[in-house]
Amino acid sequence: MRANPLLFCILPTLLVGNAMAGAPGTPLIDAERLQSISCESGVVVLDVRSDKIDGQGRDEYRLGHIPCAIHSDYIKDGWRAKVGGVPGMLPPVERLEGLIGGLGIDNGTRVVIAPLGANSKSMASATRVYWTFKLLGHDQVSILDGGTLAYAKDTARALEKGDRSPVAKSFKASPRTDMLVSREDVARAMEAGTVLVDYRRQDEFSGLNRNAKTTRAGTLEGAQNLPLEWLTRDNGGHFRSREALEQIYALTGLPVEAQQVAFCNTGHNASLGWFVAHELLGNGSARMYDGSLAEWSRAEGSPMVRPVAVNDE
């Protein structure tokens, strides 16, 4: 029998800066609060571990997961799709309605998204799914701060083994189209001097290295860089406190309350940046560019800047 990898990869606990963490409809919930509600009627815990992000997927879910949690692979199960040749885009709404309803979620369900929580990339799986629910008009959604690793840290909280098969329900979306940012919207934002925030690593932001999902190196003209890894404690699964996040924004010269557009390569990192700005720091004007540079770099005439260019071919 395979050993449960959760027992060998546990991260330290961090108190969340959000005093309301765990209340219905709030962005974050902690492990202690989740333990008391995970099997309640009307609650679905969504385990989104994926081999391609976490090195763990359904097999590890079967070895140990939060009691009553349902598994849905963030990469394989259709939360994102290739649209017009661009990877990682929002799928058609009707497809998402079928996916969500098939997980036993209807419009009255409280959803708690549980990533693995090993690092900020893992947490971004949760924030991307969270953003999707919000865009579809579903507000009863939270993220488990620290992920499944934080839940498993306390050995008094027993994990459940095996699979759970949800009973399908009907989920009907009420899309918030104002949350969608198109390439044309970004072009207008650039002209207007709107704050553009690139949540990728500095080497990608500078153009030194290029992600395979983009066709050109560099970033958007006028963009500022805030690496994803800065937003969680020690690049782990716990979000930093509000005070720490505000200090980080000040350090990078980003105005917390300004209208801003988050982007990255495919809208993964950027979803975590959007979550921090919009949900944790309360910036209601923060939005995310779903297509990000995977779309922008493919479009003829869409300008990019490359602060660092080396000829190593």
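Guide: Helices (H or I, at least four residues) and strands (E, at least two) are DSSP runs, numbered from the N terminus. The chain has 11 helices and 11 strands. Its radius of gyration, taken over C-alpha atoms, is 19 Å.

A word on the source. This is a predicted model, where local features need pLDDT of at least 70, side-chain atom pairs count only at pLDDT 80 or more, and totals for chains, interfaces and linings use all residues. Residues are numbered from 1 along each chain as its sequence is written, and side-chain values use heavy atoms, with hydrogens and water left out.

Now go inside. Of the 313 residues, 54% count as buried, meaning under 20% relative accessible area with a 1.4 Å probe, protein chains only. A nonpolar core is a set of buried Ala, Val, Leu, Ile, Met, Phe, Trp, Tyr and Cys residues joined through side-chain atoms within 4.5 Å. The largest one has 52 residues. Leu-46, Trp-79, Ile-113, Phe-133 and Val-276 have the most contacts inside it. Helix H5 (residues 120-135) gives the largest share of this core, eight residues.

Stop at Trp-79. Contact means heavy atoms within 4.5 Å. Leaving out residues up to four places away in sequence, Trp-79 touches residues including Leu-46, Pro-91, Ile-100, Val-129 and Phe-133. In the chain, residues 24 or more positions apart account for 77% of the contacts with a separation of 6 or more.

Note on methods
The radius of gyration is taken over C-alpha atoms; the globule rule is 2.2 Å times the number of residues to the power 0.38. Buried means under 20% relative accessible area, exposed over 50%, partly exposed in between (1.4 Å probe, protein chains only).
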